[in-house]
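Visitor: I've got a structure to look at with you. Can we go through it together?

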Amino acid sequence: MNMKVDPRTAVMDMPRRDARDKVTGRTRFMVDMAGSDVLRAVVVRAGSGAAKVLRIDTSAAARMRGVRGIATAADAPQLHGVGVMDQPLFVRDRIRYPGEPICAIAADTLEQARAAAAVVVVETEEMPACLTMAEALAPGAPLLHPDWKSYECIVDGVARGGNIAWEGKVVRGDVDAAFARPDVSVVESCFRVGRQSHFPFEPRGAVASYEDGRFHVITSTQVPWTVRAVTARVMGVHASQVRVTVPPVGGAFGLKFDASIEPMAAILAKKTGRTVSLVNSREEETQTCLCRENADIWIRSAITPEGKIAGREAVVLMDAGAYGGEQIFLSTMTAHTLGAGYRLESVRMSSRVVYTNTPPNGAFRSCNGAYNSFALERHTDEICEKIGMDPMAFRKLNVLSDGDPGTTGQIFEGDVLGPMLDRMEALRERTGTREHRAGDRLYGLATTVGTWNIFVGPSSATINLNADGSVTLITASVEIGSGSITQGVPQIVAANLGIHPSKVIVKGADTDAAGYDMGTGGGRTVVSMGAAATAACEVVRDKLLDTASELLQTPPADLVLRNGRVEIRDRPGSGTTIETVIARAEQTKGPISGSGAFTAPQSAKAMPGCAAGHFFDAMDLPVFIVHEAEVAVDPDTGETEVLAYRVVQDVGRAINPRAVRGQIQGAVIQGIGYGIHEAVTIGADGGIEQTGFETYHMPLAQDAVKVEIDLYEGAPSCGPMGTKGIAEVAIMNGGATMACAIANATGKRVQQLPLTAPKVLALTCGIEPVLDHPHISRRWSDNILR
């Protein structure tokens with residue numbers, strides 16, 4: 001019985017149920033889970049960035065007072081990775097980056113573990129290093145992974161080799177013919193971005209135990225099932241021997257898609273027979289952070305006299321660091337971010353993941369979309385400057401609309417970005433501009449567009465009805481601060497079952513209790529888990545109405561769930577309470593429960609043969625944004641003040657408008673940080689030079705700006721009740737909008753992020769070097785592996 005639920009019943013400004021405990025300090029995070037009888041562990045890390053290992057001696061450390069166990073590479077025989085299994089848990093025969101784990105030591109106290117770590121002997125022989133992608137791609141460059149051919153790869157036939165860990169590419173149409181046209185204007189641009197660090201308040205860590213032949217790992221993660229799989233893989237045991245549970249997570253932003261601390265703690269737990277706590281120090285967390293990667297981008301376009309894009313070609317180099325990691329998967333997003341947003345008559349793009357002797361990078365909110373949108377929108381403005389066209393008019397002419405093909409040939413549904421640009425102009429008209437606040441400083445205003453893809457992968461959910469009319473939702477999804485699990489999914493469940501969201505109890509993620517879930521991130525939770533929970537609700541609702549039908553002598557089709565009751569349709573107040581029906585079901589049929597699942601509908605199809613090396617070729621759920629900023633730049637100091645910020649965001653249906661606005665506000669501030677504040681620097685040894693909050697400049701309270709927000713509803717969506725992911729795409733154009741506004745303010749060509757004050761001052765003084773990217777060939781055949 002598939003009864004349609006009115007999505008309007010889910011819409012409410014419901015406050016976060018976890019807010020009070022978090023702000024008053026009552027919430028217990030992973031770091032609070034270790035009791036007084038738990039062993040404390042530390043990781044011994046490499047000091048050099050490229051070296052051959054001659055000898056590792058832990059014997060002196062094993063004799064130290066309080067030491068109970070030491071984990072080394074011998075305890076973790078298997079490699080792990082994303083796409084390519086290229087990473088050991090501990091160093092084996094060579095060190096590839098400063099901070100790489102050598103071993104882990106568990107002792108009675110943290111001080112004893114640290115003392116033991118200090119006497120571990122590591123003898124090495126220095127090797128040539130590749131600290132930049134240009135060095136790694138140079139002819140004759142030393143290989144970071146000489147045995148790369150032996151690595152297990154989850155996809156056959158992918159282009160990779162040497163220091164190129166992975167290559168994805170797209171070719172649609174005749175690009176050469178487009179650039180050969182005599183009537184086109186050719187615009188070429190080069191861009192570079194640095195890394196960005198997540199800096200969640202809670203660092204990565206785990207508490208692990210081993211009992212009855214099974215591991216139990218308590219961890220702060222976004223991906224409990226990935227932690228389960230990786231922990232089992234590196235130790236060579238069955239995944240069923242590993243249980244992962246997740247307490248409240250103290251921030252993540254993509255950093256906690258990793259699984260490395262957890263296997264270390266699990267190994268030590270088995271070796272010692274004790275529960276072990278292993279938590280990164282703030283310095284470790286900073287210097288081994290799986291940052292948003294640095295990247296080099298080259299892009300050129302052929303523009304017709306009418307201002308249309310006849311052809312586009314681009315190469316993106318993504319710095320993986322020493323191991324492929326998440327960058328291998330995220331290389332797919334180049335086609336759907338750098339190649340998205342605009343109508344392209346022909347296009348070809350290469351996205352290459354490059355090994356360097358630097359700390360591995362990883363996932364970060366909006367991933368490579370945050371810098372691809374910067375490159376795309378700066379390139380768009382450079383096009384407008386060359387052909388003499390108004391930037392807003394160019395965007396309105398060229399943004400994707402209903403029936404247009406995307407980069408990989410998929411056909412987009414709905415006219416979304418064009419009306420959103422109109423809405424931005426209307427929003428600016430309502431709010432007014434802030435140019436008068438610039439005073440004697442340089443004033444700039446810029447509008448940018450962006451496109452993101454929601455990762456609608458597999459999720460599962462189980463719902464149990466309780467005797468008091470409440471429901472328990474069992475999932476492996478994790479609440480990481482977005483409100484998806486504390487607000488969004490409970491609202492969807494409540495609307496389907498006719499109860500208030502406060503009566504939806506969400507069980508913390510536990511891989512022994514919940515079915516598989518791909519993980520929390522990419523804007524997918526409300527969509528994928530919401531859809532899985534909706535499917536579970538359908539099973540529960542059918543059982544509930546079948547029993548109520550017997551009680552009320554009314555066909556199930558004539559019954560509705562409303563306000564905690566089962567009522568006869570069109571007769572408010574009739575019927576009986578849900579509690580009564582549950583009690584009857586328990587007596588006659590047994591407790592009511594139901595499970596549901598969801599995965600990508602794969603309704604969007606790419607043009608066959610367009611894409612290679614991609615994890616997905618088409619976007620099942622595109623989501624769009626329009627950002628606008630006004631800035632004032634001090635020409636004497638390079639300091640940039642954000643005077644105003646406006647956002648029009650495609651939200652599908654906002655079932656909690658207050659929460660949606662809160663996520664957009666926070667994401668914009670984080671995006672502004674990426675654009676003008678946050679800089680990760682790499683030292684001469686390949687290590688990250690920042691050590692903590694004192695040396696990494698994030699936006700502070702005085703840097704925040706109130707964001708004027710217009711929620712654009714009604715765009716096509718496969719999400720339950722028309723929902724879309726919110727938190728991921730909202731950060732995406734922060735850096736792009738800052739760069740375009742600063743370029744307009746200064747009249748200078750902006751090619752790099754972040755635009756810290758010294759960088760902007762160099763721009764205004766005309767001493768900032770011009771990027772040319774000689775390591776990226778202007779010949780397409782040189783930018784792809786054959």
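Visitor: How much area do domain 2 and domain 3 bury between them?
Guide: About 1300 Å², with 65% of it on carbon and sulfur atoms. Buried area is the accessible area (1.4 Å probe) that two parts lose on being put together, summed over both. This is a predicted model: local features need pLDDT of at least 70, side-chain atom pairs count only at pLDDT 80 or more, and totals for chains, interfaces and linings use all residues. Residues are numbered from 1 along each chain as its sequence is written, and side-chain values use heavy atoms, leaving out hydrogens and water.

Visitor: Which residues of domain 2 lose the most area to domain 3?
Guide: Phe455, Ile655 and Pro720. Together they make up 39% of what that side buries.

Visitor: And how many salt bridges cross that interface?
Guide: Zero, by the rule. It asks for a side-chain nitrogen of Lys or Arg within 4 Å of a carboxyl oxygen of Asp or Glu.

Visitor: Where does each domain sit in the chain?
Guide: Domain 1 is 40–127 + 204–279, domain 2 is 295–455 + 605–764, and domain 3 is 457–598. The bounds come from an automatic or database domain assignment. The centres of domain 2 and domain 3 are 38 Å apart, taken over C-alpha atoms.

Visitor: New topic. What does the C-alpha trace span along its principal axes?
Guide: About 80 × 75 × 55 Å for the protein chain.
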